[in-house]
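This report describes the fold of one protein chain, going from its overall make-up to single residues. Please keep the structure in view while reading.

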Amino acid sequence: MDALWIMAGPDRCFKVPDHRVIVGKQGELLAGSEDLLVSSEDQPLGAEAFQKLCEQVDILVLVAGSELLNTEWLATIPLHLPKVGFLENNCNAEARLQLAINGVDAYIAVTMSSLDLATLLQRVQDEKNALNDLQEELKSFSAIAFTAMSSASEMGTVAVFAEKVQACMELHRLANLIHVCLGDLNLEGVVQFLFDDDVNLFPTDIPVSYMRLLQNASESETRIISHGRFLLFSFDHVQLLVTNAPFLDQERYGRLRDVLAHVVSIAEARAKTLKVNTLLKIQQDNARMVMALLGMAAADNRSSVKSIMTSLSDSLRAMAMGFDLNMEQEAQLLNLSENALNSLEGLQETTMTVEVHFRSLLQQLDEASSLLQAPPEEEQPAESLDSKIELF
């Protein structure tokens, strides 16, 4: 085990092997110590060079005497390196306080033998190594716990978004919810809804380069594209461009890719539902218009048929009397009029049956439309927000 002895008045460093003691009770150097000198007043050692020297030894020995140690050296000592204090007989209070402030792990008595010193230094080194290992393990557990809490918070954001979109009935409202979700994740972005030639951007005033990216994404088969601070998610009807992704934090960057993929997938499903609902309402209006036209035409037809056939029947009766027809011929002529009237009435009944089927179709369309309506929301205070998620 190599130890680095640090002394003051003047500042000196000694690289000492094999647990040797190089200082006497009064602070005097023992014989042969000069051969271990690596820094002296004639050969000063800078802070950076001193730090590199510390990395070459296993333990530091800080000698407290009548003068204070070099503060630049003490400031650059690696935290993982064990430190012990060596108190000389002439050590003053300021020197002892300096050792206490720098957090030495143990103290060496001037009366210790080489064997006792070796035992003490080995114990201090073992305890320091164990403490360093424990701290690293705690850091690892803390990092895992932080990652778990962050992931839970991010998925909580997705859960709130998924709940809110159920009450969304317009695309601009859905876009607003997406932007609120991005805000909870400390992100910014652009949303595009694409249905055939119907394209909607939120916000609308975006740079031309962003519009090109979204256009190219809609024509590409790639779902997720990431490049630096840009994250692009492209689904069939929804594209999301994130413009400030944390690309320097690879762990969070990867989590956000998964989280935002869920968000866009949920938005895609809701956007398609809203589009189907819009088309369904259009078909309802068209069907009602057809029903109105059929009803008007059927009413006119019934009135006209009844008037025509009544007039025809009366005319035939009058003509039958004026013709020189026998009773049998007159009856046949009247039967012919009655059959024509009955046929036309049967046609009217068919038209009414068609109307009944159309009304049934309209009722089914109304029922389907009601299933797509958002559930009634409870009254909330005016100051409440769409979501309020605080990430760890």
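## A helix and its length

The expected span of a helix is 1.5 Å times one less than its number of residues. Helix α5, residues 171-184, has 14 residues, and the distance from its first C-alpha to its last is 20 Å, close to the 20 Å expected. The model is a predicted one.

Which residues of α5 are buried? They are L174, A175, L177, I178, C181, L182 and D184. After the helix comes N186, which sits in the loop between α5 and β7. N186 has a positive phi of about 60° although it is not a glycine. Its relative accessible area is 58%, and because exposed means over 50%, N186 counts as exposed.

## The chain as a whole

The chain contains eight helices and 11 strands. It has 392 residues, of which 35% count as buried. Among contacts with a separation of 6 or more, 62% are between residues 24 or more positions apart.

## The five-stranded sheet

Five strands form an open sheet in the order β8-β7-β11-β10-β9, and their pairing is antiparallel. At the edges are β8 (198-202) and β9 (224-227), each of which pairs on one side only. From one strand to the next, the twist averages 10°.

Within this sheet, β7 and β11 run antiparallel and are joined by five bridges. Opposite V190 stands L241 in β11. Helix α5 packs on the sheet, where it touches β7, β8 and β11. The direction of α5 makes about 150° with that of β7.

## The nonpolar cores

In soluble globular proteins, nonpolar side chains tend to be buried together. The largest nonpolar core here has 33 residues. Which of them touch the most other members? These are F161, I178, F193, L240 and L260. At least two residues of the core come from each of α4 (114-164), α5, β7 (189-195), β10 (230-234), β11 (238-242) and α7 (250-322). Helix α7 gives the most, with 10 residues.

F193 shows how parts of the chain meet. Leaving aside neighbours within four places in sequence, F193 is in contact with L171, L174, A175 and I178, among others. Its contacts also include D198, V199, N200 and F202, as well as H237, V238 and A271. Another core lies apart from the largest one; it has 20 residues, including A8, C13, F50 and I77.

## Parallel strands

Strand β5, residues 83-87, is mostly covered, with four of its five residues buried. Five bridges connect β5 to strand β4 (residues 59-64), and the two run parallel. One of the bridge pairs is V61 with V84 in β5.

Strand β5 also runs parallel to strand β6 (residues 106-108), to which three bridges join it. Here G85 has Y107 in β6 as its bridge partner.

## Cysteines

How many disulfides are there? The count comes to zero. For C54, the nearest cysteine sulfur is that of C13, 7.4 Å away, and C54 is in no disulfide.

Is C54 buried or exposed? C54 is buried, with a relative accessible area of 1%. C91 is buried too, with a relative accessible area of 11%. Both count as buried because their values are under 20%.

## Two prolines

A cis peptide bond joins F202 and P203, with omega at about -5°. P203 belongs to the loop between β8 and α6 (208-219).

P44 is found in another loop, between β3 (37-39) and α1 (47-54). The relative accessibility of P44 is 65%, so P44 counts as exposed. Along the chain, P44 and C13 are 31 residues apart, while their C-alpha atoms are separated by 9.6 Å.

Terms used: Residues are numbered from 1 along each chain as its sequence is written. This is a predicted model: local features need pLDDT of at least 70, side-chain atom pairs count only at pLDDT 80 or more; totals for chains, interfaces and linings use all residues. Side-chain values use heavy atoms; hydrogens and water are left out. Buried means under 20% relative accessible area, exposed over 50%, partly exposed in between (1.4 Å probe, protein chains only). A nonpolar core is a set of buried Ala, Val, Leu, Ile, Met, Phe, Trp, Tyr and Cys residues joined through side-chain atoms within 4.5 Å. Contact means heavy atoms within 4.5 Å. A disulfide is a pair of cysteine sulfur atoms within 2.5 Å. Two strands pair if DSSP finds at least two bridges between them. Axes are lines fitted to C-alpha atoms, for helices over the stretch in contact, and angles run from 0 to 180 degrees between N-to-C directions.
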